[in-house]
Each structure stands twice: as structure tokens, then as C-alpha cells.
Amino acid sequence: MKLHVVFCLGQTEYALPVDVVLQMESFSNATVVPGAPPYVAGIVSVRGLVMPVIDLRIRFGLPAAAVTPDTRIIVTCSQERRVALLVDKAREVLKLNEREHQPAAGAISERSSGFVAFVHPLGSRLFLLVDLPKILGEVSHDQQPRALTGDQATRQQPALPG
């Protein structure tokens, strides 16, 4: 059993292992960075650290949504990089048995650009477990440039490494 943070984009529930999540925060806006890919909503300062915000709706090819009181950023850490993920809702932590993870079917994996690694059924609910390194561009799955690292975002360099 491993703890996972559950978040929503629309009516779909996703999950991230808690060991890559540093915290969850309310979200109101981000400072736009010129030249950043469309899925980079901008940069924010969380407890004194400046980091990029990836809008998961845009990253996953979904339409943008208005910010609501439920909108959250999930501050993650992967390979020493801190990045905030913008989601519609995030308020739940669940224990999921990793032995019950099912590989994402070919069609799901292809349609999700490889962002979904596993599917986890739990009662009447179905969670899509995301692959954080692919979302952040650390593992290539397409021709999208990598998201800004915290250090680059701090310097506000518009050019992104390829």
C-alpha cells in the first residue's frame, strides 16, 4: 500500500505518489513567462521558492478552465526540480495497493501521450496514475520542449532547453 494524492481535471480522477508531492496550495494566478510553451501557465512563488506552473489541462490536451475556489497547485519534486501542477481540485490522499495497478491499455496510453502509466480501480472509482517525469518533459514522449526548471524560472529566461 502506498499513499497517493488524488486530483481532478474535470470529472476524471488522477493520482500521484505522495513521495513526489511536497505540498498543495490554493491558486489564484501566475506570472506569465514570455516564450514558454502554452502548457506553462507561468511562475509562482511558494514559500519563497519560485517555480514554474504546468497547467495539466493544457498539457493533457484538454480545454482551459476558469480558476475557481477549488483550483489547486500541487508542488512536486522530481530529479531535484520543483514544479507546480495546476489542477481543478486536489483534496484527497488515498492508500492504493500497487499490486492492483493495471498497465494503461495501448489506446489509453497513446491518447494520453504516455502521461498515464497505470489505471487503478477502487470500488466504483477509477484512477489514472500519471507519469510525472513525462509530464515534466524529463522523459521524452513527443517533440514538446522541457518545462522551465526552478532555477530557469527564477532567472525568467524565455528560451527553453530542447
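How many helices and strands does the protein have? The points below take up that question and then some particular places in the model.

1. The protein has four helices and 11 strands, where helices (H or I, at least four residues) and strands (E, at least two) are DSSP runs, numbered from the N terminus. This is a predicted model, in which local features need pLDDT of at least 70 and side-chain atom pairs count only at pLDDT 80 or more, while totals for chains, interfaces and linings use all residues. Residues are numbered from 1 along each chain as its sequence is written, and side-chain values use heavy atoms, with hydrogens and water left out.

2. Of the 162 residues of the protein, 46% count as buried; buried means under 20% relative accessible area, exposed over 50%, and partly exposed in between, with a 1.4 Å probe and protein chains only. Among contacts between residues at least 6 apart in sequence, 56% join residues at least 24 apart, a contact being heavy atoms within 4.5 Å.

3. Strands E4 and E5 run antiparallel and are joined by six bridges, and two strands are taken to pair if DSSP finds at least two bridges between them. Within this pairing, Gly42 has Val53 in E5 as its bridge partner. The two strands form a hairpin with two residues between them, and Arg47, which is found in the loop between strand E4 (40-46) and strand E5 (49-55), has a positive phi of about 50° although it is not a glycine. Arg47 counts as exposed because its relative accessibility is 70%.

4. Strand E5 is also joined to E7, by three bridges, and these two strands run parallel. Val53 stands opposite Ala84 in E7. Five of the seven residues of E5 are buried, so this strand is largely enclosed by the rest of the structure.

5. Ile74 is found in strand E6 and counts as buried because its relative accessibility is 0%. Leaving aside residues up to four places away in sequence, Ile74 touches several residues, among them Val5, Phe7, Leu16, Met24, Val83 and Ala84. The C-alpha atoms of Ile74 and Ala84 are separated by 5.3 Å, although the two residues are 10 residues apart along the chain.

6. Ser78 also lies in strand E6, and at 8% relative accessibility Ser78 counts as buried. Its contacts, not counting residues up to four places away in sequence, are with Leu132, Pro133, Leu136 and Glu138. Gln79, by comparison, is in the loop between strand E6 (72-78) and strand E7 (81-87) and counts as exposed because its relative accessibility is 59%. Gln79 has a positive phi of about 50° although it is not a glycine.
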